[in-house]
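Please read these notes with the model open beside you.

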Amino acid sequence: MLIEMFLSSAAMLLPNLLAPDPGADPDWVYGDGELPEKWSIDNDSYAVCDTGQMQSPIVLSDTNARASIAFAASYGEADGKLKRGRGKVQVDVDSGMGMVSGDTLFSLLQMHFHTPAEHMLHGERYPLVVHLVHGSRDGEFAVLGVMFEEGDANPAIAAILDALESEGKEVMLDIASLVPERPDLYRYMGSLTTPPCTEGVNWHVADEVLEASEEQIAAMARILGASNRSLQPLNNRLIIGPED
(Lines give C-alpha, C1' and ligand atoms only; values in the text may rest on other atoms or scores of the structure.)
Protein backbone atom coordinates (compact mmCIF):
# COMPACT_ATOMS: atom_id res chain seq x y z
CA MET A 1 0.00 0.00 0.00
CA LEU A 2 2.84 2.38 0.83
CA ILE A 3 4.49 2.03 -2.59
CA GLU A 4 1.16 2.76 -4.32
CA MET A 5 0.81 5.98 -2.27
CA PHE A 6 4.30 7.14 -3.22
CA LEU A 7 3.76 6.25 -6.89
CA SER A 8 0.49 8.16 -6.96
CA SER A 9 2.09 11.31 -5.54
CA ALA A 10 5.03 10.97 -7.93
CA ALA A 11 2.77 11.08 -10.96
CA MET A 12 0.93 14.18 -9.71
CA LEU A 13 4.14 16.11 -9.11
CA LEU A 14 5.91 15.12 -12.33
CA PRO A 15 6.26 17.98 -14.85
CA ASN A 16 4.97 17.38 -18.36
CA LEU A 17 8.26 17.01 -20.21
CA LEU A 18 7.38 14.08 -22.43
CA ALA A 19 7.20 14.12 -26.21
CA PRO A 20 4.18 15.86 -27.79
CA ASP A 21 0.76 14.25 -27.69
CA PRO A 22 0.77 11.48 -30.32
CA GLY A 23 -2.70 12.56 -31.42
CA ALA A 24 -1.08 15.53 -33.16
CA ASP A 25 1.19 15.07 -36.16
CA PRO A 26 4.80 15.76 -35.08
CA ASP A 27 7.02 18.14 -37.03
CA TRP A 28 9.72 15.48 -37.49
CA VAL A 29 9.92 12.09 -39.20
CA TYR A 30 11.83 8.89 -38.64
CA GLY A 31 14.62 8.05 -41.06
CA ASP A 32 15.73 4.57 -42.04
CA GLY A 33 16.83 3.70 -38.51
CA GLU A 34 20.44 3.54 -39.62
CA LEU A 35 21.61 7.00 -40.71
CA PRO A 36 21.52 9.97 -38.27
CA GLU A 37 18.16 11.74 -38.45
CA LYS A 38 19.43 15.36 -38.06
CA TRP A 39 16.15 16.51 -36.51
CA SER A 40 17.56 19.91 -35.54
CA ILE A 41 17.84 20.99 -39.20
CA ASP A 42 14.09 21.64 -39.38
CA ASN A 43 13.60 22.71 -35.75
CA ASP A 44 16.47 24.23 -33.80
CA SER A 45 14.70 23.49 -30.50
CA TYR A 46 15.72 19.88 -31.16
CA ALA A 47 19.42 20.74 -31.12
CA VAL A 48 20.21 18.29 -28.33
CA CYS A 49 19.04 15.46 -30.60
CA ASP A 50 22.12 16.07 -32.75
CA THR A 51 24.62 17.56 -30.28
CA GLY A 52 23.79 15.79 -27.02
CA GLN A 53 26.36 13.47 -25.47
CA MET A 54 23.87 11.15 -23.70
CA GLN A 55 21.51 10.15 -26.49
CA SER A 56 19.51 6.94 -26.91
CA PRO A 57 19.28 4.24 -28.24
CA ILE A 58 22.66 2.51 -28.04
CA VAL A 59 24.31 -0.88 -28.57
CA LEU A 60 23.93 -2.71 -25.26
CA SER A 61 26.75 -5.17 -25.99
CA ASP A 62 29.11 -2.26 -25.24
CA THR A 63 28.56 -3.07 -21.55
CA ASN A 64 31.54 -1.86 -19.53
CA ALA A 65 30.43 -2.85 -16.01
CA ARG A 66 28.56 -5.71 -14.35
CA ALA A 67 26.50 -5.28 -11.22
CA SER A 68 23.33 -6.32 -9.48
CA ILE A 69 20.88 -3.45 -9.82
CA ALA A 70 18.50 -2.81 -6.95
CA PHE A 71 15.16 -3.08 -8.74
CA ALA A 72 11.55 -3.91 -7.88
CA ALA A 73 8.38 -3.43 -9.90
CA SER A 74 4.64 -3.39 -9.29
CA TYR A 75 2.50 -3.89 -12.41
CA GLY A 76 -0.89 -5.46 -12.94
CA GLU A 77 -4.26 -4.89 -14.59
CA ALA A 78 -5.07 -1.30 -15.48
CA ASP A 79 -7.46 0.85 -17.47
CA GLY A 80 -5.53 2.76 -20.10
CA LYS A 81 -6.28 5.65 -22.42
CA LEU A 82 -5.30 4.72 -25.93
CA LYS A 83 -3.63 7.29 -28.17
CA ARG A 84 -2.66 6.69 -31.77
CA GLY A 85 -0.68 9.02 -34.01
CA ARG A 86 1.86 8.96 -36.80
CA GLY A 87 4.51 6.47 -35.76
CA LYS A 88 3.08 6.05 -32.25
CA VAL A 89 0.78 3.72 -30.35
CA GLN A 90 0.62 4.87 -26.74
CA VAL A 91 -1.35 3.85 -23.65
CA ASP A 92 -1.57 6.36 -20.78
CA VAL A 93 -2.35 4.91 -17.34
CA ASP A 94 -3.42 6.31 -14.00
CA SER A 95 -0.90 6.40 -11.15
CA GLY A 96 -0.45 3.50 -8.77
CA MET A 97 1.98 1.24 -10.61
CA GLY A 98 5.67 1.55 -11.25
CA MET A 99 9.13 0.54 -10.17
CA VAL A 100 11.89 1.21 -7.66
CA SER A 101 15.37 1.61 -9.13
CA GLY A 102 18.15 2.07 -6.60
CA ASP A 103 16.47 4.18 -3.93
CA THR A 104 14.14 6.09 -6.27
CA LEU A 105 10.43 5.42 -6.79
CA PHE A 106 9.19 5.88 -10.36
CA SER A 107 5.48 5.98 -11.24
CA LEU A 108 4.35 4.46 -14.54
CA LEU A 109 2.90 7.17 -16.79
CA GLN A 110 2.52 5.58 -20.20
CA MET A 111 3.81 2.88 -22.51
CA HIS A 112 4.41 2.95 -26.24
CA PHE A 113 5.82 0.69 -28.94
CA HIS A 114 8.46 0.81 -31.68
CA THR A 115 8.93 -1.42 -34.71
CA PRO A 116 11.63 -2.56 -34.88
CA ALA A 117 13.25 -2.20 -31.45
CA GLU A 118 15.55 0.78 -30.98
CA HIS A 119 18.33 -0.57 -28.76
CA MET A 120 20.55 -3.31 -30.13
CA LEU A 121 20.42 -6.31 -27.79
CA HIS A 122 22.19 -9.65 -28.24
CA GLY A 123 23.61 -8.32 -31.50
CA GLU A 124 20.25 -7.58 -33.12
CA ARG A 125 17.34 -5.20 -33.16
CA TYR A 126 14.28 -7.25 -32.33
CA PRO A 127 11.07 -6.72 -34.35
CA LEU A 128 9.11 -5.06 -31.53
CA VAL A 129 9.75 -3.26 -28.25
CA VAL A 130 7.60 -1.66 -25.56
CA HIS A 131 8.92 1.34 -23.62
CA LEU A 132 7.31 1.82 -20.20
CA VAL A 133 7.85 5.48 -19.28
CA HIS A 134 8.02 6.43 -15.60
CA GLY A 135 8.50 9.61 -13.59
CA SER A 136 9.68 10.38 -10.07
CA ARG A 137 8.51 12.98 -7.55
CA ASP A 138 11.62 15.04 -8.41
CA GLY A 139 10.85 15.13 -12.13
CA GLU A 140 13.26 12.39 -13.19
CA PHE A 141 12.40 10.00 -16.01
CA ALA A 142 13.02 6.27 -16.13
CA VAL A 143 12.19 3.99 -19.05
CA LEU A 144 11.95 0.20 -18.96
CA GLY A 145 12.39 -1.36 -22.40
CA VAL A 146 11.28 -4.92 -23.18
CA MET A 147 11.92 -6.59 -26.54
CA PHE A 148 9.65 -9.09 -28.29
CA GLU A 149 10.35 -11.88 -30.77
CA GLU A 150 7.99 -14.20 -32.64
CA GLY A 151 6.32 -16.86 -30.51
CA ASP A 152 3.12 -17.11 -28.51
CA ALA A 153 0.61 -14.26 -28.55
CA ASN A 154 0.92 -11.66 -25.80
CA PRO A 155 -2.38 -10.88 -24.02
CA ALA A 156 -1.66 -7.18 -23.39
CA ILE A 157 -0.70 -6.58 -27.01
CA ALA A 158 -3.85 -8.47 -28.06
CA ALA A 159 -5.99 -6.12 -25.94
CA ILE A 160 -4.34 -3.05 -27.45
CA LEU A 161 -4.72 -4.28 -31.02
CA ASP A 162 -8.38 -5.19 -30.42
CA ALA A 163 -9.03 -1.67 -29.10
CA LEU A 164 -7.25 -0.11 -32.08
CA GLU A 165 -9.27 -2.22 -34.51
CA SER A 166 -12.52 -1.08 -32.91
CA GLU A 167 -11.24 2.51 -32.77
CA GLY A 168 -11.70 2.48 -29.03
CA LYS A 169 -10.17 5.14 -26.80
CA GLU A 170 -9.82 3.00 -23.67
CA VAL A 171 -8.29 -0.41 -23.06
CA MET A 172 -8.04 -2.79 -20.13
CA LEU A 173 -4.77 -4.70 -20.08
CA ASP A 174 -2.48 -6.64 -17.78
CA ILE A 175 0.73 -4.60 -17.84
CA ALA A 176 2.59 -7.37 -16.00
CA SER A 177 2.40 -9.51 -19.16
CA LEU A 178 4.61 -6.94 -20.93
CA VAL A 179 7.47 -7.31 -18.43
CA PRO A 180 9.62 -10.32 -17.44
CA GLU A 181 8.76 -11.59 -13.97
CA ARG A 182 12.28 -11.06 -12.58
CA PRO A 183 14.14 -9.07 -15.22
CA ASP A 184 17.91 -8.94 -15.50
CA LEU A 185 18.62 -5.40 -16.63
CA TYR A 186 21.00 -3.21 -18.57
CA ARG A 187 21.16 0.25 -17.03
CA TYR A 188 22.59 3.52 -18.34
CA MET A 189 21.84 7.25 -18.55
CA GLY A 190 20.40 8.32 -21.87
CA SER A 191 17.60 10.34 -23.46
CA LEU A 192 14.14 10.22 -24.92
CA THR A 193 14.41 8.65 -28.37
CA THR A 194 12.11 11.20 -30.04
CA PRO A 195 12.31 15.01 -30.14
CA PRO A 196 13.04 16.92 -27.98
CA CYS A 197 15.47 14.07 -27.06
CA THR A 198 15.59 15.20 -23.42
CA GLU A 199 18.66 13.80 -21.66
CA GLY A 200 18.99 12.52 -18.11
CA VAL A 201 16.66 9.55 -18.65
CA ASN A 202 17.38 6.49 -16.48
CA TRP A 203 17.27 3.65 -18.99
CA HIS A 204 16.57 0.04 -17.99
CA VAL A 205 16.45 -2.61 -20.72
CA ALA A 206 15.45 -6.19 -19.94
CA ASP A 207 17.90 -8.88 -21.03
CA GLU A 208 15.05 -11.40 -21.35
CA VAL A 209 13.14 -11.19 -24.63
CA LEU A 210 9.40 -11.88 -24.45
CA GLU A 211 7.15 -13.34 -27.13
CA ALA A 212 4.42 -11.92 -29.34
CA SER A 213 2.78 -13.72 -32.21
CA GLU A 214 3.83 -13.21 -35.80
CA GLU A 215 0.41 -11.66 -36.46
CA GLN A 216 0.72 -9.24 -33.53
CA ILE A 217 4.18 -8.08 -34.59
CA ALA A 218 3.01 -7.65 -38.19
CA ALA A 219 -0.06 -5.68 -37.05
CA MET A 220 2.07 -3.31 -34.95
CA ALA A 221 4.47 -2.86 -37.86
CA ARG A 222 1.59 -1.97 -40.20
CA ILE A 223 0.32 0.65 -37.77
CA LEU A 224 3.67 2.13 -36.75
CA GLY A 225 5.81 1.68 -39.83
CA ALA A 226 9.55 2.02 -39.30
CA SER A 227 9.64 3.81 -35.93
CA ASN A 228 13.15 3.28 -34.61
CA ARG A 229 15.80 5.95 -34.16
CA SER A 230 19.37 5.35 -35.32
CA LEU A 231 21.92 4.02 -32.82
CA GLN A 232 23.72 6.79 -30.94
CA PRO A 233 27.37 7.12 -29.82
CA LEU A 234 28.17 5.84 -26.35
CA ASN A 235 30.52 8.77 -25.55
CA ASN A 236 32.25 7.06 -22.63
CA ARG A 237 29.05 6.47 -20.69
CA LEU A 238 28.77 3.70 -18.13
CA ILE A 239 26.57 0.78 -19.18
CA ILE A 240 25.83 -1.60 -16.33
CA GLY A 241 24.93 -5.07 -17.54
CA PRO A 242 23.39 -7.96 -15.59
CA GLU A 243 25.74 -10.11 -13.57
CA ASP A 244 26.69 -13.43 -15.18
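1. Which residue in β11 is the bridge partner of G145? The partner is V205. Helices (H or I, at least four residues) and strands (E, at least two) are DSSP runs, numbered from the N terminus.

2. A word on the source. This is a predicted model, in which local features need pLDDT of at least 70 and side-chain atom pairs count only at pLDDT 80 or more, while totals for chains, interfaces and linings use all residues. Residues are numbered from 1 along each chain as its sequence is written, and side-chain values use heavy atoms, with hydrogens and water left out.

3. Start with β8, residues 141-150. Two strands count as paired if DSSP finds at least two bridges between them. β7 (residues 128-135) runs antiparallel to β8, and 8 bridges join them. V129 stands opposite M147 in β8. The two strands form a hairpin with 5 residues between them. In that turn, G139 has a positive phi of about 85°.

4. β8 also has parallel partners. Strand β11 (residues 199-206) pairs with β8 over 5 bridges. Strand β12 (residues 210-212) pairs with β8 over 3 bridges, again in the parallel sense.

5. How enclosed is β8? Of its 10 residues, 8 are buried, so β8 is largely enclosed by the rest of the structure. Buried means under 20% relative accessible area, exposed over 50%, and partly exposed in between (1.4 Å probe, protein chains only).

6. H204 is in strand β11. H204 has a relative accessible area of 0%, so it is buried. Its C-alpha atom is separated by 5.5 Å from that of Y186, 18 residues apart along the chain.

7. E124, E149, E150, D152, E211, E214 and E215 form a negative patch. β8 and α4 (214-224) each supply at least two of the patch residues. Patch members have over 30% relative accessible area and no salt bridge; like charges are joined within 9 Å, and nonpolar side chains (Val, Leu, Ile, Met, Phe, Trp, Tyr) within 5 Å.

8. How many salt bridges does the structure hold? There are 3. The term means a side-chain nitrogen of Lys or Arg within 4 Å of a carboxyl oxygen of Asp or Glu. E37 and R229 form one of them, at 3.9 Å from N to O. This pair links distant parts of the chain, 192 residues apart: E37 is in the loop between α1 (2-13) and α2 (47-51), and R229 in the loop between α4 and β13 (240-241). Both E37 and R229 are buried.

9. D92 and K83 form a salt bridge, with the closest N and O atoms 2.8 Å apart. D92 has 17% relative accessibility, so it counts as buried. K83 is partly exposed because its relative accessible area is 26%. E181 and R182 form a salt bridge too, at 3.3 Å between the closest N and O atoms. Both E181 and R182 are exposed.

10. Please check the backbone at these places. The peptide bond from T115 to P116 is cis, with omega near -10°. P116 lies in the loop between β6 (104-114) and β7. A cis peptide bond also joins P195 and P196, with omega about 15°. H122 is not a glycine, yet has a positive phi of about 55°. N236, another residue other than glycine, has a positive phi near 65°. At 80% relative accessibility, N236 counts as exposed.

Notes: Areas by Shrake-Rupley, 256 points an atom, 1.4 Å probe, with all protein chains shown as cover. Lys, Arg positive; Asp, Glu negative; His and termini not counted. Charge placed at Lys NZ, Arg CZ, Asp CG, Glu CD.
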